[in-house]
Amino acid sequence: MIPRVLSIAGTDPTGGAGIQADLKSIAAFGGYGMAAVTALVAQNTRGVRSVHVPPTAFLEEQLRAVSDDVDIDAVKIGMLGSTDVIATVDQWLTATRPPIVVLDPVMVATSGDRLLEADAEDAVRALCRRADLVTPNLPELAVLVREPVAMTWDAAVAQAEQLAATADTAVLLKGGHLDGRQCPDAIVDATGVHEVPGRRVDTPHTHGTGCSLSSAMATLAAHGLPWPDALTRAKRWLTGALEHAEALHVGRGNGPIDHLHELRPHIDLGRSWSNERWDATVSIRAEVDECGFVRGLASGDLDRDAFAWYLGQDLLYLREYARVLARAAALAPTAEEQRFWAAGSVACLAEEATLHQSHVDPTGLEPAPTTWAYTDHLHAAAAGGSYAVLVAAILPCYVLYTDIGARWRGTFGPTHPYADWLTAYGDETFAASSAEAERIADAAARAASPATRREMATAYDRSMALELAFFDAPLTRA
């Protein structure tokens with residue numbers, strides 16, 4: 001069943017909080033989101049500018065329009081703002097009796113702005129009795145129990161136990177306002193304290209976290225999860241949403257979280273990560289095509305000594321490349337990818353090395369500075385421990401040679417002085433391996449965080465630049 005979840009809350013025109021955040025959270029967990037607007041809020045990531053509360057008669061019309069037509073599986077209640085609005089929602093709950101009610105007692109925004117009239121606090125306390133779960137932050141919890149804001153986890157637990165007992169409900173206790181590297185949450189109800197540990201995410205982009213978590217909890221409960229299990233799942237999602245928040249680049253204040261970070265890697269835009277990096281390095285690839293070594297190799301006019309020097313350096317490179325591919329095999333998350341990189345490592349040491357040795361004597365070879373630079377870059381990527389970054393660093397050696405070989409194929413005859421080498425560039429088996437390496441890199445990019453994808457791009461672009469330097473070196477002996 002797809003849960004049908006109704007959000008009753010205020011708006012956020014920047015999309016990070018209120019009903020906009022609720023609808024994104026509901027969708028993130030596979031629910032069908034609906035919304036009844038309690039207040040129109042002029043706000044952004046820097047704060048609230050003004051609040052307009054439409055007539056409560058119109059709110060009642062919205063609520064009845066939904067419940068007269070749709071079977072509601074869960075309700076999330078957010079910003080209410082006034083006693084009249086609270087009374088309207090309370091009357092509708094009495095008449096409709098939705099199976100799950102989650103109340104986020106919105107009183108104070110993250111920015112510090114007051115979002116509830118002072119005379120409405122008692123009405124919110126009474127509404128808590130209507131809820132199956134109440135999700136206050138620590139300042140709101142303190143208001144509900146008429147105590148100072150808790151400064152320790154134990155004090156917060158005691159306040160949550162007090163609210164759960166007096167309102168006969170479950171309380172989602174959130175530790176985000178406390179200090180420390182750890183950030184636990186808990187479900188507090190008549191059965192005890194069910195703590196869910198967590199780590200703090202160092203980010204200023206927390207706009208709408210309360211709205212988002214409460215609507216996620218409503219949706220997960222509508223799926224049938226008990227409150228502690230729902231919190232465990234929602235907390236994992238929220239941690240990721242905070243980690244990915246910076247990449248949204250929304251606003252200049254406390255930005256929103258990324259509600260769809262779990263879905264985003266699976267969205268097919270028709271452009272893969274490897275395609276994007278290939279296009280991004282078009283200028284470097286053009287320089288490769290125009291460099292004297294590549295043009296001389298294609299025409300057959302390349303100086304034989306320069307070619308022999310290149311082969312010697314390439315042999316030294318391949319020995320190190322084989323070690324890097326072996327490291328990729330060790331880091332690979334699947335047996336299929338382990339086998340692929342291991343086979344590539346063996347190919348470097350056997351088939352390709354044999355071709356090199358048929359052209360050059362490897363005895364006494366020393367790596368040139370460009371060779372050192374390239375292999376050091378690859379070994380640094382391997383030592384970093386990130387499989388995604390390592391795969392990105394490896395990929396240019398596959399795709400660049402495959403591209404050159406495909407364009408050279410059929411342009412030379414058997415009498416060409418470098419025919420066997422040009423044929424190796426255009427080998428169909430190698431082309432298939434290149435396509436598989438791209439597929440692996442794309443999968444790693446989809447699963448990576450924005451920060452890791454940036455590191456992948458840097459590693460890929462660096463490898464492309466080093467490929468150009470490697471091609472230039474035979475004629476400059478760099």
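Colleague: What is the relative accessible area of Thr239?

Modeller: This is a predicted model in which local features need pLDDT of at least 70 and side-chain atom pairs count only at pLDDT 80 or more, while totals for chains, interfaces and linings use all residues. Residues are numbered from 1 along each chain as its sequence is written, and side-chain values use heavy atoms, with hydrogens and water left out. Buried means under 20% relative accessible area, exposed over 50%, and partly exposed in between, with a 1.4 Å probe and protein chains only. Thr239 counts as buried because its relative accessible area is 16%.

Colleague: In which helix is Thr239 placed?

Modeller: Helices (H or I, at least four residues) and strands (E, at least two) are DSSP runs, numbered from the N terminus. Contact means heavy atoms within 4.5 Å; not counting residues up to four places away in sequence, Thr239 touches Arg199 and Val201. The residue itself belongs to the run 227-243, which is helix 8.

Colleague: How many of the eight residues of helix 5 are buried?

Modeller: The buried residues of helix 5 are Leu138, Glu140, Leu141, Ala142, Leu144 and Val145. Their cover includes helix 4 (121-128), strand 6 (133-134), helix 6 and strand 7. Helix 5 is therefore largely enclosed by the rest of the structure, the number of its buried residues being six.

Colleague: Which residues does Val145 touch, not counting residues up to four places away in sequence?

Modeller: Val145 lies in helix 5 (residues 138-145) and counts as buried, at 8% relative accessibility. Its C-alpha is 79 Å from that of Leu422, a residue 277 places away in sequence. The residues that Val145 touches are Gln159, Gln162 and Leu163.

Colleague: At what angle do helix 11 and helix 18 pack?

Modeller: Axes are lines fitted to C-alpha atoms, for helices over the stretch in contact, and angles run from 0 to 180 degrees between N-to-C directions. Angles under 35 degrees count as roughly parallel, over 145 as roughly antiparallel, 65 to 115 as roughly perpendicular and the rest as oblique. Helix 11 and helix 18 are therefore roughly perpendicular to each other. The axes of helix 11 (residues 292-299) and helix 18 (residues 450-476) lie 7 Å apart, at an angle of about 80°.

Colleague: How many nonpolar residues does the contact of helix 11 with helix 18 have?

Modeller: Helix 11 contributes Gly292, Phe293 and Val294, and helix 18 contributes Phe471, Pro474 and Leu475. Ala, Val, Leu, Ile, Met, Phe, Trp, Tyr, Cys and Pro count as nonpolar, Asp, Glu, Lys and Arg as charged, and the others, Gly among them, as polar. By class, the contact has no charged residues, one polar residue, and a nonpolar count of five.

Colleague: What arc do the buried residues of helix 11 cover around the axis?

Modeller: The buried residues are Phe293, Val294, Gly296 and Leu297. The arc is that of the directions from the helix axis to the C-beta atoms. These residues are on the same side of helix 11 because they cover an arc of only 165°.

Colleague: Which residues touch the most other members of the largest nonpolar core?

Modeller: A nonpolar core is a set of buried Ala, Val, Leu, Ile, Met, Phe, Trp, Tyr and Cys residues joined through side-chain atoms within 4.5 Å. Of the 63 residues in the largest one, those touching the most other members are Leu297, Tyr321, Trp341 and Phe471.

Colleague: What is the relative accessible area of Pro396?

Modeller: Pro396 has its place in helix 15. Leaving aside neighbours within four places in sequence, Pro396 is in contact with Tyr401, Tyr460, Ser463, Met464 and Glu467. Pro396 is buried, with a relative accessible area of 0%.

Colleague: What value does phi of Asp168 take?

Modeller: Most residues other than glycine have a negative phi. Asp168 lies in the loop between helix 6 (153-167) and strand 7 (170-174) and is exposed, with a relative accessible area of 65%. Its phi is positive in a residue other than glycine, near 55°.
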